[in-house]
Amino acid sequence: MTARPARPEDEPWRAAGLDPRKLPRHVAIIMDGNGRWAERRNLPRSEGHRAGTEAVRRVIRASAPIGLSALTLYAFSTENWKRPSQEVESLWRLVPEVFERDLPEIREAGVRVRVVGDRGGLPEEVRTAVARAEAETAANTGMVVTFAINYGGRDEIVRAARRLAIEAKAGAIDPTAIDEAALAARLDTAGLPELDLLVRTGGEMRVSNFLLWELAYAEFVSVPVLWPDFTADDLYRALAEYQRRDRRFGGVAT
Ligand code: IPE
Ligand code: IPE
Ligand code: MG
């Protein structure tokens, strides 16, 4: 049997005009707009979060085949505890449910799951679900999907600094030798490629305490689409925008 030639619709990222040589290695997304999505439909905010989980699945499916190394998704911030307890509880119920639903497909796709944030503050069922997802995908060698849960950029830096202080006090590290690499190695994101692109849905132009250290030279794309409506094409459009940027890293244009 002869394989028919690939058509553009087989590879939507090609149809989007993406240059496979200029893809980012690491993309992070602030998945915002679930509440507004629900409110516009007169639904409880929890239904917006549920619909948002479908977009998570779409984006993982769309990212793995184009060869991204890492995708980091902001699911719950250290500030989101300020929300009504009903909403917070609905989010915690969703985490084990989503892993239950999607883990087989994630495992099959060769994706490795990782979680960043303060795990100590997570409800027991959530901690168990994320530990299981990490363990069951630990041997996978494909894209790394990192969920930021109970995550704050400042909190991450504080915890890394605390680790350094403890090691210094124990005599395991010389305080005068602490450099950027030493701090980066103690962040939750240690080992992930440098962040290239931050996408925020829902239209806001702020970082809301996400990946403060890692964002140093990332490109920022804000899109008005609410997270539950975000599609593979929206992702490819954000990647195309990234490809039009001139990344100078403080140098001069080449
Ligand atoms: C983002 O959507 C999801 C979480 C913060 C968990 P929001 O719930 O913030 O949605 P908006 O911004 O209120 O529309
Ligand atoms: C950021 O969205 C957190 C997540 C997407 C998980 P928020 O909706 O909490 O951020 P603000 O309140 O608009 O800054
Ligand atoms: Mg929001």
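Q: How do strand 1 and strand 2 pair, and over how many bridges?
A: Strand 1 (residues 26-30) and strand 2 pair in the parallel sense over five bridges. Strands are DSSP runs of E, at least two residues, numbered from the N terminus, and two strands pair if DSSP finds at least two bridges between them. This is a predicted model, where local features need pLDDT of at least 70 and side-chain atom pairs count only at pLDDT 80 or more. Residues are numbered from 1 along each chain as its sequence is written, and side-chain values use heavy atoms.

Q: Which residue in strand 2 is the bridge partner of alanine 28?
A: That is threonine 72.

Q: And what about strand 2 and strand 4?
A: They pair in the parallel sense too, over seven bridges. Strand 4 covers residues 144-151, and its isoleucine 149 is the bridge partner of phenylalanine 76.

Q: Is strand 2 mostly covered or uncovered?
A: Mostly covered: seven of the eight residues in strand 2 (residues 70-77) are buried. Buried means under 20% relative accessible area, exposed over 50%, partly exposed in between, with a 1.4 Å probe and protein chains only.

Q: New topic. How many salt bridges?
A: The count comes to 29. A salt bridge here is a side-chain nitrogen of Lys or Arg within 4 Å of a carboxyl oxygen of Asp or Glu.

Q: Which residue does arginine 21 form one with?
A: Aspartate 19, with the closest N and O atoms 3.1 Å apart. Arginine 21 is exposed at 73% relative accessibility, while aspartate 19 is buried at 19%.

Q: What about aspartate 102?
A: The side chain of aspartate 102 meets that of arginine 101 in a salt bridge, 2.9 Å from N to O. Aspartate 102 is buried at 6%; arginine 101 is partly exposed at 33%.

Key: Chains are lettered from A and ligands numbered from 1 in the order in which they are written. Helices (H or I, at least four residues) and strands (E, at least two) are DSSP runs, numbered from the N terminus.
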